Amino acid sequence: MTPQPGKSAKAALAPGTEPTAVEFLARLHARQSDVEQAKYQRYFKTGEGDYGEGDFFMGVRMGEVFTLAKEFAAMPPAEIEKLLEEDIHEARAGAVKIMALQTQKKKTTEERRKELYELYLRRHDRINNWDLVDLGAGRVVGGWLMDKSRDPLYDLARSENMWERRTAIVATSAFIREGQLDDTFAIAGILLHDKEDLLHKAVGGWVRDAGRSSRERLLAFLDEHAATMPRTALRYAIEHLGKEQRAYYLTLKDSVSPN
């Protein structure tokens, strides 16, 4: 599908127009590309039994989705939820990006931030792929919990839903930015032996990022867990260490298990 003749894919919203899901979808369709659709089908695992089984990609570059999201950043939560209900992956990506953009705007009220946080958790059934979680968990969930109890993240970390578990660790990126590392390492410990490879990647990646603020905390975590943690998580966690340190921790892992 390509934009119809005379139809501008870049037309701006009319001044004073309330951003709606219907208009966002129309603009999304105008940017559809069969080439991009084929790329997504190769990149995301959507086959039977895969983590993204049944997920439908229209074929719109994420850069264009994000550009649209900026234009529609004032979309009210009720309209955002309509986008979340769409089967089209790019529509849900736009919805979560809009939520993140709204959350980080200084003029956004605490009431709206709470509403977005609650919407994210309530409709986690539609935030059901790793990129969707990564788009919103840090700003929408972690941002809201910054000055509140972090208990909801520990509940998510023990959820049967893999995407909720991923939200638990990804949300801590908000805390990492403020130098608050306890929750990242604690939740990483809970998820360390998760059955899902996508969780191994998240654990290793967020532990690595926390290590930028405290190499000492990272090394202590590795000293305790490197020998038994999944290899994928370990490789992500040690990515920014020096060659000798990486070799050391991989040797610890190999001494226990070659897998």
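**Close-up views of a predicted model**

**View 1. Helix α7 gives the second largest pocket the largest share of its lining, 4 residues.** This is a predicted model, in which local features need pLDDT of at least 70 and side-chain atom pairs count only at pLDDT 80 or more, while totals for chains, interfaces and linings use all residues. Residues are numbered from 1 along each chain as its sequence is written, and side-chain values use heavy atoms, with hydrogens and water left out. Helices here are DSSP runs (H or I, at least four residues), numbered from the N terminus. The pocket holds about 250 Å³ of space and has 14 lining residues, with Thr 103, Arg 113, Arg 139, Gly 143 and Trp 144 nearest its centre. Two or more lining residues come from each of α5 (89-104), α6 (110-122), α7 (130-145) and α10 (173-177). Sorted by class, the lining has 7 charged (Asp, Glu, Lys, Arg), 3 nonpolar (Ala, Val, Leu, Ile, Met, Phe, Trp, Tyr, Cys, Pro) and 4 polar residues (the others, Gly among them). A pocket is an open set of points on a 1 Å grid over the protein atoms alone, where a 1.4 Å probe fits, with protein on both sides within 12 Å along at least five of seven lines; lining residues have an atom within 4 Å of a point. Its volume is the space filled by probe spheres set on the points, which are joined across faces, edges and corners.

**View 2. Phe 24 meets Phe 72 edge-to-face.** Their ring centres are 5.2 Å apart and their planes stand at 85°. Rings of Phe, Tyr and Trp (its six-membered ring) pair if their centres lie within 6.5 Å; planes under 30 degrees apart are stacked, over 60 edge-to-face and the rest tilted. Phe 24 sits in helix α1 (residues 21-29) and Phe 72 in the loop between α3 (62-71) and α4 (77-84), so the pair ties together parts 48 residues apart in sequence. Both Phe 24 and Phe 72 are buried (under 20% relative accessible area, with exposed over 50% and partly exposed in between; 1.4 Å probe, protein chains only).

**View 3. Phe 185 and Phe 221 form a tilted pair.** Here the ring centres lie 5.6 Å apart, with the planes at 45°. Phe 185 belongs to helix α11 (residues 182-191) and Phe 221 to helix α13 (residues 215-225), so this contact joins parts 36 residues apart in sequence. Both Phe 185 and Phe 221 are buried.
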